[in-house]
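Subject: A structure to look through

Dear colleague,

I am handing over a structure for you to look at, and below it I describe what was found. Please keep it open beside this message as you read.

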Amino acid sequence: VWAQLPQGPPDAILGITEAFKKDKHPKKINLGVGAYRDDKGKPYVLPSVVEAEQRVVQQYLDKEYAGITGVPDFTKAAALLAYGPDSAPLKEGRIAITQSISGTGALRIGGAFLQRFYPGAKAIYIPTPSWANHKAVFSDSGLEIKQYRYYNKDTIGLDFDGMVADIKNMPKGSIILLHACAHNPTGVDPTEDQWRAISDAVKEGEHYPFFDMAYQGFASGDTDKDAFAVRHFLAEGHLPCLAQSFAKNMGLYGERVGAFSIVTASAEEKVRVDSQIKIIVRPLYSNPPVHGARIASTILNDPALNKQWLGEVKGMAERIITMRALLKENLEKLGSKQKWDHITDQIGMFAYTGLTAAEMTKLAEEHSVYATKDGRISVAGITSENVGRLAESIYKIKG
Ligand code: LMR
């Protein structure tokens, strides 16, 4: 049956982990997938997560199915975390929300919902570049992929003018995907003033904003600050939709905890939107897994544990900032002729090094340093111990 089936290429991000595992180098470094590591290079289970999980286990809860939209205590708290306690749509009960299979699942539900119901063109504009999986998620949802300018490789910063010009040139009522914070892969975010101008341009075009917030807390170390764009758009009267992930900020990667929400115009509209979300989710995976959502819910709903967790998020963000500084310092100490300011200017989990695909291949083949071909490195995988070898490897290639 499958005699003619072509071999597919490895995944641009997860395929890196496969290549890394095969490498026998004792000091190999994996900076591919965006997964936080402690300073010993080990996966980090947050102490708040350990505590919450123990509480969940000790309750001997049943393993019944959750409702189609998941664990209500979790989704309520997730919405509060994103939209904030002062959010009018939240207070007025006009945000439809469902638990999702982490951020990817949230995007996929959103894609399916827009493909089925969005009254305008079934196309979505994503930034150039964007997370490597965005195209596949949205095209598998039946949306056409279009792009807008985002990153300026000459300044290694935001192409703000290009971005706003492209937003203004989109057909009226276009769907636009925005990374809420800690842009993946570039680590380049708009400033608050730039977000205000982006909101104006989106409003002027009557476009539909779709926020992807996979890294709330990772950009600034502060979950409220990182929600600025989402909250500003709401304050400006936009009715966006939002994909949330708890993979990074709670380290719940394999538990697949996320949420997808749609801000609607009224509580009555919300009920209808909810009903259609359920109709989309049911044939996809029926209902979501409960364990991770219970952990997240325990953290979000217990004031003391919540406070502890926010401190841990800050700690992760700070370790990443320290590693950025160390990498830059090491490259400069080696006498590198390149400018590396962008490593410390960029934020979030990733640094967009500016290395070419060929240079990234060399980095893997000659130095056993693995990261994606677009030049992105996960700074969360850098440690005090491997930073020296990493800098040397980059220096040998780039000078
Ligand atoms: C990444 O960009 O590395 C993460 O979002 C993990 C993934 O699923 O790609």
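The shell around the ligand is made up of three nonpolar residues, three polar residues and no charged ones, where Ala, Val, Leu, Ile, Met, Phe, Trp, Tyr, Cys and Pro count as nonpolar, Asp, Glu, Lys and Arg as charged, and the others, Gly among them, as polar. The residues that surround the ligand are I13, V33, G34, W131, N133 and N184, a residue being near a molecule if its C-beta atom, placed from the backbone, lies within 6 Å of it.

Please bear in mind that this is a predicted model, in which local features need pLDDT of at least 70 and side-chain atom pairs count only at pLDDT 80 or more, while totals for chains, interfaces and linings use all residues. Residues are numbered from 1 along each chain as its sequence is written.

The chain is divided into domain 1 (14-45 + 315-398) and domain 2 (65-301), with bounds that come from an automatic or database domain assignment. The C-alpha centres of the two domains lie 28 Å apart, and 19 residues of domain 1 are in contact with 20 residues of domain 2, contact meaning that the C-beta atoms of two residues, placed from the backbone, lie within 7 Å. On the side of domain 1 that touches domain 2, β11 (350-352) gives the most, with three residues; helices (H or I, at least four residues) and strands (E, at least two) are DSSP runs, numbered from the N terminus. By class, that side of domain 1 has 10 nonpolar, six polar and three charged residues.

Leaving aside residues up to four places away in sequence, A82 touches M213, Q216, A227, V230, L242 and Q244.

Finally, in helix α7 (residues 160-169) the buried residues are M163, D166 and I167, buried meaning that 20 or more other C-beta atoms lie within 10 Å of a residue's own, and exposed 12 or fewer, with C-beta atoms placed from the backbone. Seen down the axis of α7, these buried residues fall within an arc of 100° and so line one face of the helix, the arc being that of the directions from the helix axis to the C-beta atoms. On the other side of α7, D161, K168 and N169 are exposed.

Best wishes
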